[in-house]
Amino acid sequence: MFGTSWSLLLPSLHDLIPPFLLAVPKKKVSHSRKAMRSANKGLKDKQNLVHCPGCGSAKLAHHLCPRCYSSINRAWKAMTRSDDPAS
Ligand SMILES: [Zn+2]
């Protein structure tokens, strides 16, 4: 008796779930096939390396030099720490 009253109140599962299908592969991809597919996806050599004009270490072109950035950040943090005596 309890189940019948609930089934009248709630919509069916068809109304709750939106009508779309998930893409599902038809067969299991074997280890060999998976390895063959990913064989040509290996790491490639970086071509966009340049020398930093500030410190001379290698860095990515059009990127901040991590060595210069860390030294500037360290100096800036030391400066703010010495300026603020409360903390
Ligand atoms: Zn640098």
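These are my notebook entries on a predicted model of one chain.

**Confidence.** I began with the pLDDT values. The chain averages 85, and 87% of the residues score at least 70. I then looked up where confidence is lowest and highest. Helix α1, residues 2-9, has the lowest mean, at 58. Strand β1, residues 49-51, has the highest, at 96.

**Layout.** I listed the secondary structure next and found 4 helices and 2 strands. Read from the N terminus, the order is α-α-α-β-β-α.

**Burial.** I checked how much of the chain is buried. The chain has 87 residues, and 2% of them count as buried.

**Helix α4.** I turned to α4, which covers residues 66-83. With 18 residues at 1.5 Å a residue, this helix should span 26 Å. I looked up its end C-alpha atoms and found them 25 Å apart, so the two values agree. I also asked how many of its 18 residues are buried. The number is 0, so α4 lies largely in the open.

**G56.** I placed G56 in the loop between β1 and β2, the latter being residues 58-60. Within 10 Å of G56 I find 10 other C-beta atoms; a residue with 12 or fewer is exposed, and G56 is therefore exposed. I also looked up its separation from R67, which is 11 residues away along the chain. The C-alpha atoms of G56 and R67 are separated by 9.8 Å.

**H62.** My last entry concerns H62, in the loop between β2 and α4. Its phi is positive, about 65°, although H62 is not a glycine. I noted this because most residues other than glycine have a negative phi. Is H62 buried or exposed? It has 7 C-beta neighbours inside 10 Å, so H62 counts as exposed.

Terms used
Residues are numbered from 1 along each chain as its sequence is written. This is a predicted model: local features need pLDDT of at least 70, side-chain atom pairs count only at pLDDT 80 or more; totals for chains, interfaces and linings use all residues. pLDDT is the predictor's confidence in each residue, from 0 to 100. A residue is buried if 20 or more other C-beta atoms lie within 10 Å of its own, exposed if 12 or fewer, and partly exposed in between; C-beta atoms are placed from the backbone. The expected span of a helix is 1.5 Å times one less than its number of residues.
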